[in-house]
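Subject: Structure for you to look at

Dear colleague,

I am passing on the structure below, together with some notes on what was found in it. Please read them with the model open beside you.

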Amino acid sequence: MKTKFYAAYGSNINIQQMSGRCLEATICNNGFINGYKLTFRSGGFANIEKSENCRVPVVLWKITERCERNLDRYEGYLGFYKKTELPVELEEGTQTAMVYVMNDEAKGKFRLPAEYYYYEI
């Protein structure tokens with residue numbers, strides 16, 4: 001079974017929720033994506049955006065192709081989020097991982113997240 005690394009920074013850092021979306025996913029590590037900051041846009045959903053001297057904490061998952069298809073549906077891949085590969089800084093080095101980043105067209109203005117969503121992540 002083919003697997004890949006996925007770096008989660010929003011609701012997919014929630015272990016219970018992620019296990020419901022991706023039964024085959026396993027947590028590998030915690031790390032940081034350097035040069036980015038966490039923002040909330042378009043409906044108050046989490047996003048990461050380039051920003052010098054900032055870093056975003058992430059959970060590094062190992063996912064299967066089926067997990068990725070489930071995440072694509074959940075994240076609104078192509079319509080709302082796009083996928084990119086970014087280096088994740090870990091204690092023992094760096095690992096490249098897939099990350100969902102909001103499409104420019106979907107970003108809209110900065111917006112506070114709903115309280116339940118904020119506490120979820």
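I begin at Gly 76, which comes directly after helix α2 and has a positive phi, near 65°. Please bear in mind that this is a predicted model, in which local features need pLDDT of at least 70 and side-chain atom pairs count only at pLDDT 80 or more, while totals for chains, interfaces and linings use all residues. Residues are numbered from 1 along each chain as its sequence is written, and side-chain values use heavy atoms, with hydrogens and water left out.

Helix α2 itself covers residues 65–75, and its buried residues (under 20% relative accessible area, with a 1.4 Å probe and protein chains only) are Cys 67, Glu 68, Leu 71, Asp 72 and Glu 75. Viewed down the axis of α2, these residues fall within an arc of 140° (taken from the directions from the helix axis to the C-beta atoms), so they line one face of the helix. They pack against β1 (3–8), α1 (15–21), β3 (45–64), β4 (81–90) and β5 (93–102), where contact means heavy atoms within 4.5 Å.

As for the whole protein, it has four helices and five strands, which are DSSP runs (H or I of at least four residues for helices, E of at least two for strands), numbered from the N terminus. Along the sequence they follow the pattern β-α-β-β-α-β-β-α-α. Of its 121 residues, 42% count as buried, and the C-alpha trace spans about 40 × 30 × 25 Å along its principal axes.

Methods:
Buried means under 20% relative accessible area, exposed over 50%, partly exposed in between (1.4 Å probe, protein chains only).
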